[in-house]
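This report is meant for someone meeting the structure for the first time. Please keep the sequence and the model in view while reading.

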Amino acid sequence: MAQILIVDDEMGIRELLSEILADEGHSITLAENAAAARKVRADMRPDLVLLDIWMPDTDGISLLKEWAASGLLTMPVVMMSGHGTIDSAVEATRIGASDFLEKPIALQKLLATVKKALKHETVLQKKPLTLDAFARSPLLKDLKRRLEQAAAKTSVLLLKSASGSIAEICARTLQTHRTPWLDLSTASTPLTQEMLHNASGGLVFIADLAQLGKLQQMNLVFALERLERHNLQMVAASSRLLPALVDAGWDPLLVNRLGEVWVALPQISGHADDVPEIASLLLAHLAERGEVPLRVFSSGARNALRLHHWQGEWAELLAAVKNLALSALDEEIAADDVERLLRSESGSATSPLPALFLDQPLREAREAFERMYFEYHLAGERGNMTRLAEKTGLERTHLYRKLRQLGLNIGRRGDERE
């Protein structure tokens with residue numbers, strides 16, 4: 001039968017629940033507070049946790065958040081409370097709790113909830129979304145190779161021009177299966193040696209350096225100084241350029257340390273032809289995981305995705321695909337569905353392309369657009385090739401070749417300007 005951890009500060013409730021569930025054949029471990037529960041979880045992975053919300057040292061919601069942020073929420077957790085509210089239940093479910101029991105707990109309700117939670121335990125074991133799901137996309141297949149190559153030689157990897165969901169997908173790609181995951185972006189308490197010890201051999205993740213508060217910055221420094229001791233890999237993303245972090249008050253030495261080895265994410269706005277395939281792969285993966293109904297994009301929808309100007313980059317695309325799958329009325333997502341969603345997001349219809357493009361053959365129109373595109377970004381970056389490569393998501397060699405093909409002679413000015 002199952003190994004169940006019961007966490008409650010009231011001895012009478014612990015003993016009663018233990019007796020009932022032991023009679024059902026389960027193996028029971030008891031913890032009188034959050035500290036004891038942390039120790040048990042560090043030593044073992046229970047099949048189920050019954051967790052009281054109101055406890056004197058650390059409340060159950062905070063402990064649930066802590067487990068979720070550190071990658072230890074790999075088992076179903078049922079919250080318990082004698083003062084349950086809808087808000088508490090909703091928040092616990094959002095964090096990752098599988099159910100909610102209100103005290104006093106009726107015998108049949110307890111047994112039914114435990115049976116249901118154990119039955120659905122495998123849902124929590126679904127592998128997170130990684131770049132492996134996009135193996136048919138040359139753009140993301142190439143990104144995966146670059147990430148793995150860079151991460152193999154360093155304990156700290158920076159993801160430039162990235163944040164949020166796409167940053168987590170990249171970091172999850174580098175995480176070894178079944179190793180701990182520690183998300184410093186969501187931490188609301190000071191990081192401790194014990195928390196790092198529990199994450200040993202795993203990955204420390206920061207979704208966006210630019211969004212970290214003072215406490216989280218202190219946790220970052222604390223973890224950075226102890227990576228080698230705990231055999232940890234750190235993957236940090238930043239939506240802003242590193243000099244902007246220094247301007248915002250970050251320690252320049254810390255910023256330099258974080259930026260020693262980096263990989264720039266390709267700008268999706270510069271790879272329009274890859275968008276339909278990436279969106280289709282993401283849609284299929286979300287359906288396979290049971291997060292959205294089974295859906296497919298029509299050819300018109302794929303074209304609409306290709307032509308959209310993705311100002312929000314990867315975050316906008318990922319959110320758009322999921323929302324389309326959840327809001328489309330038919331199994332096939334149509335062009336109208338895409339245009340309706342994207343129009344509502346932007347507040348207006350997508351601006352039409354200049355007529356000069358539409359009156360030319362495709363090859364000439366594409367070349368004219370690319371020339372205009374690179375002239376615009378060359379001017380914006382004042383000819384600095386390093387920043388231009390980062391902005392456009394192209395490797396330097398590819399970038400130089402593309403500029404020569406378009407007849408844009410930059411000489412050596414870009415490398416000399418700062």
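The structure is a predicted model, in which local features need a pLDDT of at least 70 and side-chain atom pairs count only at pLDDT 80 or more, whereas totals for chains, interfaces and linings use all residues. Residues are numbered from 1 along each chain as its sequence is written, and side-chain values use heavy atoms, with hydrogens and water left out.

**The chain as a whole**

The protein chain averages a pLDDT of 85, and 90% of its residues score at least 70; pLDDT is the predictor's confidence in each residue, from 0 to 100. Over residues 348–352 the pLDDT stays under 50, and the model has 3 contacts beyond four places in sequence for them, a contact being heavy atoms within 4.5 Å. Residues 412–418 also stay under 50, with 14 contacts beyond four places in sequence.

Along the principal axes, the C-alpha atoms of the protein chain fill a box of roughly 80 × 55 × 30 Å. The secondary structure comes to 20 helices and 12 strands, which are DSSP runs numbered from the N terminus (helices: H or I, at least four residues; strands: E, at least two). Of the 418 residues, 47% count as buried, that is, under 20% relative accessible area with a 1.4 Å probe and protein chains only.

**Two open sheets**

Strands of a sheet pair through backbone hydrogen bonds, either parallel or antiparallel; here two strands count as paired if DSSP finds at least two bridges between them.

| Strand pair | Bridges |
|---|---|
| Strand 3 (residues 48–52) and strand 4 (residues 77–81) | 4 bridges |
| Strand 7 (residues 181–183) and strand 8 | 3 bridges |
| Strand 8 and strand 9 (residues 233–238) | 4 bridges |
| Strand 6 (residues 156–160) and strand 10 | 3 bridges |

**Around strand 8**

Strand 8 (residues 203–206) is covered on both faces, with Leu 203 and Phe 205 buried on one side and Val 204 and Ile 206 buried on the other. Leu 203 is the bridge partner of Trp 181, while Val 204 stands opposite Met 234 in strand 9. Strand 8, helix 9 (residues 214–224) and strand 9 make a right-handed β-α-β unit, where right-handed means that, with the strands pointing away from the viewer, the path from the first strand over the helix to the second runs clockwise.

**An annotated span**

An unreviewed UniProt entry annotates residues 133–326 as "domain: Sigma-54 factor interaction"; UniProt positions are given in the numbering used here, feature names are shortened, and annotations may be inferred rather than shown by experiment. The span is 47% helix and 12% strand, and its end C-alpha atoms lie 20 Å apart.

Note on methods
Buried means under 20% relative accessible area, exposed over 50%, partly exposed in between (1.4 Å probe, protein chains only).
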